[in-house]
Amino acid sequence: MSQPLDLAAVRSFENLEFLARQLVEGFITGLHQSPYHGFSVEFSEHRLYNPGESTRHIDWKVLARTDKLFVKRYEEETNLRCHILLDVSPSMYYPAPSHDKLRFAVLCTAALATLLQKQRDAVGLVTFADQIELQTPVRSTSSHRHTLLLTLQQLLERPAAPRRATDVSGVIHQIAQQIPKRSLVVLFSDMLGRSPEEQTASLAALQHLRHAQHEVLLFHIMDRATEADFAFAERPYLFEDVETGEQVKLQPAQVREQYRAAMQQYEQELALRCGQYRIDFVPVDIRETFDKVLYAYLVKRGKVR
């Protein structure tokens, strides 16, 4: 099992492309070593052999290594189109500049783009806050992936965004109307709205994607220790809303129980609604490893085929 990556040390990697490749190669190595994995370690170029089909394309070298029959997969069999939606709103810069949700999501996006290109699948990137900031074409070339990773590198280096609202629902509705072909849509977001109405609207927007026949994979990015468990030391704090600037001074114990109950209810509602809409919902803690994200992608990719 991989160890969590020290997000604070990411700045020492000047080349995000190199780091993403290392993450993917480490993940693939983990698939080799795990006796419980459900995927071929040659997933990027092979599929399981179906009894009765021609043996002409069986990879005998893989058979010798794994004692399993795999057939070589060709370009026309790997034409998945994936749109990655990356939330870059102010709340994604929490909890600290060197260890924030955005940094974790950027690294996940870079690794996922690398894995997609390795599998000859097409990928595009959308960054958004209150509106779409960047929207790239959806392509499968190495040069396109290189451009995406340069863009992600710039996100790692830019300072925290100024106060502004997040419009997850508006952006998702816009994307749902723009995507012409059935695709996989991957969303990295903390899904934090300023009101229950905004959160409900975000879920309705995800339903719009499913209505348009797109597959959806939602990675709910959180710093679980503080955002879900409210695990702050017992001393006075001045809490500030990063989007509105509103401040409140209190002791954590004054609100911890009510806060935890409200967050638990919201997460349960989010998971329930995603289940109803047949959206893959994956809660992700930024203090965990990246493997959970890549595993979830491989499971979803298998469903899209």
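Two strands are taken to pair if DSSP finds at least two bridges between them. Helices (H or I, at least four residues) and strands (E, at least two) are DSSP runs numbered from the N terminus. The model is predicted, so that local features need pLDDT of at least 70 and side-chain atom pairs count only at pLDDT 80 or more, whereas totals for chains, interfaces and linings use all residues. Residues are numbered from 1 along each chain as its sequence is written, and side-chain values use heavy atoms, with hydrogens and water left out.

Figure 1. Strand 3 (residues 81-87) and strand 6 (residues 122-128) pair in the parallel sense over 7 bridges. Within this pairing, V126 of strand 6 is the bridge partner of L85. The open sheet has 6 strands in the order 7-6-3-8-9-12, and its pairing is mixed. Strand 7 (132-135) and strand 12 (280-285) each have a single partner strand and stand at the edges, so one side of each lacks a neighbour in the sheet. From one strand to the next, the twist averages 15 degrees. Helix 4 (residues 142-157) packs on the sheet and touches strand 3, strand 6 and strand 7; the direction of helix 4 makes about 25 degrees with that of strand 6. Axes are lines fitted to C-alpha atoms, for helices over the stretch in contact, and angles run from 0 to 180 degrees between N-to-C directions.

Figure 2. A122 has its place in strand 6 and counts as buried because its relative accessibility is 10%. Buried means under 20% relative accessible area, exposed over 50%, and partly exposed in between (1.4 Å probe, protein chains only). Leaving aside neighbours within four places in sequence, A122 is in contact (heavy atoms within 4.5 Å) with L80, R81, C82, V138, R139 and S140. Of these contacts, R139 is 17 residues from A122 in sequence and 4.4 Å away in space, C-alpha to C-alpha.

Figure 3. Strand 9 (215-222) is mostly covered, with 8 of its 8 residues buried. E215, L217, F219 and I221 point one way from strand 9, while V216, L218, H220 and M222 point the other way. Strand 8 and strand 9 run parallel and are joined by 6 bridges, and F188 stands opposite F219 in strand 9. Strand 9 also pairs with strand 12 in the parallel sense over 6 bridges; here H220 stands opposite P283 in strand 12. Helix 8 (residues 252-276) lies across strand 9 and strand 12 and runs at about 165 degrees to strand 9.

Figure 4. The structure holds 8 aromatic pairs. F188 and F219 form a stacked pair, 4.9 Å centre to centre with 15 degrees between the planes. F188 lies in strand 8 (residues 184-189) and F219 in strand 9, so the pair ties together parts that are 31 residues apart in sequence. Both F188 and F219 are buried. Elsewhere, F230, F232, Y237, F239 and Y259 form one aromatic cluster. Rings of Phe, Tyr and Trp (its six-membered ring) pair if their centres lie within 6.5 Å; planes under 30 degrees apart count as stacked, over 60 as edge-to-face and the rest as tilted.

**Figure 5. Packing of helix 3 against helix 4.** Helix 3 (residues 101-118) packs with helix 4 at an angle of about 175 degrees, their axes being 10 Å apart. Helix 3 is therefore roughly antiparallel to helix 4. Angles under 35 degrees count as roughly parallel, over 145 as roughly antiparallel, 65 to 115 as roughly perpendicular and the rest as oblique. On the helix 3 side, R103, V106, T109, A110, A113, T114 and Q117 meet S142, R145, L149, L152, L155 and L156 of helix 4. The residues of this contact divide into 7 nonpolar, 4 polar and 2 charged. Ala, Val, Leu, Ile, Met, Phe, Trp, Tyr, Cys and Pro count as nonpolar, Asp, Glu, Lys and Arg as charged, and the others, Gly among them, as polar.

**Figure 6. Packing of helix 5 against helix 6.** The axes of helix 5 (residues 168-178) and helix 6 (residues 196-211) are 8 Å apart and meet at an angle of about 10 degrees. The two helices, helix 5 and helix 6, are therefore roughly parallel to each other. Helix 5 contributes V168, S169, I172, H173, A176 and Q177 to the contact, and helix 6 contributes A201, S202, A204, A205, L206, H208 and L209. The contact residues comprise 8 nonpolar, 5 polar and no charged.
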